Amino acid sequence: MPRDFAERLAREKALKVWKTRVRDVVLGADTIVVAGDLILGKPTDQEHAIRMLKMLSGREHCVITGIAVIGTEHALSGEAGEPRIRVASETTKVIMNEISDAEVRQYVATGEPMDKAGAYAIQGIASRWIPRIEGDYSNVVGLPVALVYRMLKDL
């Protein structure tokens, strides 16, 4: 499942960092875009970004961010110990208008989509193509702040 995939990546990222910072609380996150049965990460080049945007054009998709928080029982006091790991995810439905080929190429030429899952930034130029979302806006930007806050409180 895509949610499991995003959560696993977040957990792996957090664990990798935590192993070098065992006295700290570490946050790992990974955002993916899901269109139908396809998982879209970050584009590898401009043509890949163009293909992704054409796929998303005029349709609904989901943005899923996996979050992992790792720390020890005594992390706030700076002591090491057994890690406590919390993993969760946030899913937001995004509706995207149709985008012309010319608009897609112009947008990709700006460079904005090159480091974004699904090849777009809702907080940037691409906002003009997104009339509606269902769920957490900050999740689509890249980090579901309310979820992270709850997880840190629980840890």
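Modeller: What follows goes from the chain as a whole to the helix pair, then to the core and to some residues in the loops.

The model is a predicted one. Its protein chain has five helices and five strands, and from the N terminus on these elements run α-β-β-α-β-β-α-β-α-α. Taken along the principal axes, the C-alpha atoms of the protein chain fill a box of roughly 55 × 30 × 25 Å. The chain has 155 residues, of which 42% count as buried. Among the contacts in the protein chain with a separation of 6 or more, 71% come from residues 24 or more positions apart.

Now the helix pair. Two packed helices are described by the angle between their axes and the distance between the axes. Here the two are helix α2, residues 46–56, and helix α3, residues 101–109. They pack at an angle of about 135°, and their axes are 10 Å apart. Angles over 145 degrees would count as roughly antiparallel, and those from 65 to 115 as roughly perpendicular; α2 and α3 are therefore oblique to each other. Their crossing is right-handed.

Which residues make up this contact? On the α2 side they are Q46, E47, A49, I50, L53 and K54. On the α3 side they are D101, V104, R105, Y107, V108 and A109. Sorted by class, the contact of α2 with α3 has seven nonpolar, four charged and one polar residue.

The next step is the core. In soluble globular proteins, nonpolar side chains tend to be buried together. The largest nonpolar core of this model has 24 residues. L53, L56, M96, Y107 and Y120 are those with the most contacts inside it. Two or more residues of this core come from each of the elements β1 (26–35), α2 and α3. Helix α2 gives the most, with five residues.

Two of the residues with the most contacts inside the core, L53 and Y107, are also found in the contact of α2 with α3. L56 is another of the residues with the most contacts in the core. Leaving out residues up to four places away in sequence, L56 touches V33, A35, L40, H61, M96, G118 and Y120. M96 and Y120, both on that list, are themselves among the residues with the most contacts inside the core.

From α3 the view moves on to the loop between α3 and β5, where W129 is found. With a relative accessible area of 3%, W129 is buried, because buried means under 20% relative accessible area. W129 touches I95, M96, N97, I99, E103 and Y107, again not counting residues up to four places away in sequence. In sequence W129 and G58 are 71 residues apart, while their C-alpha atoms are 9.0 Å apart in space.

A126 is found in the loop between α3 and β5 too. At 0% relative accessibility, A126 counts as buried. With residues up to four places away in sequence left out, A126 touches Y107, E112, Y120 and A121.

A119 lies in the loop between α3 and β5 (132–134). A119 has a positive phi of about 65°, although it is not a glycine. Is A119 buried or exposed? At 0% relative accessibility, it counts as buried.

G111 is a further residue in the loop between α3 and β5. At 32% relative accessibility, G111 counts as partly exposed. G111 and K54 are 57 residues apart in sequence, and their C-alpha atoms are 16 Å apart in space.

L143 has its place in the loop between α4 (137–141) and α5 (145–154). With a relative accessible area of 33%, L143 is partly exposed. Not counting residues up to four places away in sequence, L143 touches L27, A29, I67, S138 and V148. L143 and I64 are 79 residues apart in sequence and 9.8 Å apart in space, C-alpha to C-alpha.

Note on methods:
Residues numbered from 1 in each chain as written. Predicted model: local features only at pLDDT ≥ 70, side-chain atom pairs only at ≥ 80, totals over all residues. Heavy atoms only, no water. Axes fitted to C-alpha atoms, helices over the stretch in contact; angles between N-to-C directions. Helix = DSSP H or I, 4+ residues; strand = E, 2+ residues; numbered from the N terminus. Parallel < 35°, antiparallel > 145°, perpendicular 65-115°, else oblique. Left-handed = near helix turned anticlockwise from the far one by under 90°. Contact = heavy atoms within 4.5 Å. Nonpolar A, V, L, I, M, F, W, Y, C, P; charged D, E, K, R; others polar. Core = buried A, V, L, I, M, F, W, Y, C linked by side-chain atoms within 4.5 Å. Buried < 20%, exposed > 50% of the residue type's maximum accessible area, 1.4 Å probe, protein only.
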